[in-house]
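Have the sequence and the model open as you read.

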Amino acid sequence: MLCFKHILFAALIAVFSFGKAMPYCYNSEYRYCNLKPSIQAYFSESSSYSAPHLLLEGTLPPLRHFTLCTWAKAWKVSNHGSFFFSYNLPQLDNELLVGVYKVSSTYNPPYGKPYGGEGYELSIHVYNQQSRVVCRNFVIGQWQHLCYVWTNVLGHNEMYVDGIRCAESLTKIADNYIIQTAGTAVIGQEQDAIGGGFDPKEAWIGEIADLHIWNEPLLPSQIRHMFRCNLCYPRGTVFSWLREPLIAKDVIFSATDVCAVDINEELIVYK
């Protein structure tokens with residue numbers, strides 16, 4: 001049964017999405033479908049502070065809301081956090097940061113019941129404010145579809161693994177804030193300085209494919225549809241995987257059978 005706050009959140013999404021074309025599709029006639037074999041990026045483990053990463057040559061627009069979804073395969077997750085998308089401003093770290101944490105032994109989260117053993121939490125930072133939620137179906141060593149949703153309406157945020165929402169976040173972050181433009185975005189590392197300052201303990205170790213960002217909070221039904229890879233895979237309106245200019249540092253690209261994209265090699269500069 002839906003509770004009142006779920007209905008309210010859906011209503012808020014509808015209000016802020018009114019008049020916009022939703023990045024969603026039910027058939028292969030959708031003009032932005034990706035139907036070809038996908039390309040994955042592999043980020044190897046490294047002790048170097050200039051470890052494997054992708055640097056976006058552009059920046060992000062101002063964002064009142066966002067959804068970030070990606071296919072990801074983690075080979076190792078740190079209790080310091082393993083981050084695969086980092087967006088920093090010159091004057092502020094963690095303007096937008098998403099990743100996964102490993103939690104071990106008995107853990108008492110600020111939400112839900114305590115639990116023991118090894119587990120994982122998904123994490124969002126906006127304006128250097130963090131929300132973490134338990135995700136019982138996150139596993140190491142296999143492809144999973146991860147989605148992070150944030151809106152500045154009450155600072156609401158949600159996180160999903162394979163189309164299933166993780167534990168409800170009771171931490172509202174960056175209420176009424178607008179994510180600023182003119183920052184620097186990196187895939188595969190967490191920035192402590194603009195475009196650098198990487199800590200190997202916080203690096204993403206594994207594969208990433210089909211990372212997309214939208215400038216609106218997608219609905220749970222849309223996220224489930226993308227996870228199933230039914231008929232088409234909609235591209236992001238803010239960032240679309242391997243369709244934006246990138247600088248690649250020690251990242252290995254190869255074909256994968258995860259949902260569909262094509263790649264424009266002219267947009268990637270190898271160093």
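This is a predicted model: local features need pLDDT of at least 70, side-chain atom pairs count only at pLDDT 80 or more; totals for chains, interfaces and linings use all residues.

Residues are numbered from 1 along each chain as its sequence is written, and side-chain values use heavy atoms, with hydrogens and water left out.

**Aromatic rings**

- There are 7 aromatic pairs here (Phe, Tyr or Trp rings, taking the six-membered ring of Trp, with centres within 6.5 Å; planes under 30 degrees apart are stacked, over 60 edge-to-face, the rest tilted).
- Take Phe66 and Trp150: their ring centres are 5.9 Å apart and the planes sit at 35°, so this pair is tilted.
- Phe66 is in strand S3 (residues 65-76) and Trp150 in strand S8 (residues 144-151), so the pair ties together parts 84 residues apart in sequence (strands are DSSP runs of E, at least two residues, numbered from the N terminus).
- Phe66 and Trp150 are both buried (under 20% relative accessible area, 1.4 Å probe, protein chains only).
- Phe84, Tyr148 and Trp204 make up one aromatic cluster.

**Gln191**

- You'll find Gln191 in the loop between strand S11 (184-187) and strand S12 (205-214).
- Gln191 has 0% relative accessibility, so it counts as buried.
- Its side chain reaches the backbone nitrogen of Gly195 at 2.7 Å.
- Beyond neighbours within four places in sequence, Gln191 is in contact (heavy atoms within 4.5 Å) with residues including Ser86, Tyr87, Asp93 and Phe198.

Technical notes
Helices (H or I, at least four residues) and strands (E, at least two) are DSSP runs, numbered from the N terminus. Buried means under 20% relative accessible area, exposed over 50%, partly exposed in between (1.4 Å probe, protein chains only). A polar contact is a pair of N or O atoms within 3.5 Å; within protein, one must be able to donate a hydrogen and the other to accept it, and residues adjacent in sequence count only if both atoms are side-chain atoms.
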